Amino acid sequence: MTGLARLSNAATTGDVIAALERDGGVIIEDFLSPETLEGLRNDLLPLLERQSTGRDGFAGFKTRRLSALFAHTRHCAAMATHPLYLKPAEHFLCRPREMWVGEERLSFAADIRIGVTQAIQLAPGQPAQPLHRDDTVFLWRHPTGGREGRVQIICAVSDFTAENGGTLVIPGSHLWDDERKPEMSEAIPTVMKAGSALIFLGSTFHAGGANTTQDEYRTAAGLALDASNMRQEENMYLSISSDQVASYPEQIQRLLGWSAGTNHMGWVEVDGQMIDPIHLLREQDRSKLKGVGAARRA
Ligand SMILES: O=C(O)CCC(=O)C(=O)O
Ligand SMILES: [Fe+2]
């Protein structure tokens with residue numbers, strides 16, 4: 001099986017879209033400027049060192065994760081708005097739908113939200129993660145007919161090799177239905193230099209690779225651009241203070257959005273763990289609110 005296409009940073013939006021439509025993923029070499037790469041390294045590596053490791057096989061017992069990246073480094077902005085990422089993401093996420101409103105036939109399209117941000121560092125000895133689709137959080141159905149919920153990017157902050165856990169991807173798996181089980185034998189490691197990027201659709205099967213080296217850490221910084229149509233219409237987080245939310249029964253707290261559910265939508269990172277935000281409202285855990293994102297460094 002052949003791996004993903006590799007494009008240079010002089011590629012066009014059309015080249016990236018064509019590769020994503022065909023394979024579900026693409027590698028873009030020298031995606032980050034040297035300044036952005038250096039900035040990400042300087043900002044994220046010391047913070048990752050302080051994070052605790054994952055507490056289950058999916059998060060990785062030898063993996064450190066840091067989320068809320070926009071609270072920790074301004075260099076994420078260049079990643080999120082790079083035209084070779086943002087423009088193809090718009091193509092997949094913002095397809096208009098037509099509908100009747102009274103006498104008028106109107107067209108509406110989702111816009112884009114940053115759905116998740118995370119730096120991920122695999123230590124030597126970290127086994128491969130289970131193969132999965134990142135649009136699982138939306139309970140997305142497959143095949144998608146080309147309408148995606150998420151377009152993901154993983155930038156190499158260190159070199160990615162087959163040995164240190166370069167992300168495993170199954171090319172073409174974005175076209176599979178929900179019955180087809182992914183096999184490790186079908187997955188190809190992403191090999192790329194620091195500063196290069198892997199872009200893939202939410203429907204593409206992938207996994208963090210196994211780090212079989214003795215002493216090499218594999219570090220990534222990534223984020224997801226998501227279609228905005230599935231968020232709460234009213235912004236409850238800005239309108240109702242956490243103290244007010246905490247004064248309601250748990251059922252209301254969860255309905256207002258302080259809940260992650262079994263599909264993990266709405267988690268919040270505290271010390272490297274992705275937890276259900278309901279914990280932050282409980283009296284004994286209220287102090288953990290200070291450990292979230294920007295508040296952690298204030
Ligand atoms: O670390 C990686 O290469 C991929 C991680 C991943 O896919 C995830 O945690 O959802
Ligand atoms: Fe993933």
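Biologist: Which residues are around ligand 1?

Modeller: A residue is near a molecule if one of its heavy atoms lies within 4 Å of it, and in this predicted model the residues around ligand 1 are Arg-65, Ile-120, Gln-129, His-132, Asp-134, Ile-154, Thr-167, His-206, Gly-208 and Arg-218. This being a predicted model, local features need pLDDT of at least 70, side-chain atom pairs count only at pLDDT 80 or more, and totals for chains, interfaces and linings use all residues. Residues are numbered from 1 along each chain as its sequence is written, chains are lettered from A and ligands numbered from 1 in the order in which they are written, and side-chain values use heavy atoms, with hydrogens and water left out.

Biologist: Which side chains have an N or O atom at 2.9 Å or 3.0 Å from an oxygen atom of ligand 1?

Modeller: A polar contact is a pair of N or O atoms within 3.5 Å; an oxygen atom of ligand 1 is 3.0 Å from such an atom in the side chain of His-132, and one is 2.9 Å from an N or O atom in the side chain of His-206.

Biologist: Why does Val-116 count as buried?

Modeller: Buried means under 20% relative accessible area, exposed over 50%, and partly exposed in between, with a 1.4 Å probe and protein chains only; Val-116 counts as buried because its relative accessibility is 17%.

Biologist: What does Val-116 touch?

Modeller: Contact means heavy atoms within 4.5 Å, and, not counting residues up to four places away in sequence, Val-116 touches Arg-150, Gly-222, Leu-223, Ala-224 and Trp-267. Val-116 and Leu-223 are 107 residues apart in sequence, yet 5.4 Å apart in space, C-alpha to C-alpha.

Note on methods
Polar contact = N/O pair within 3.5 Å; in protein donor to acceptor, adjacent residues only side chain to side chain.
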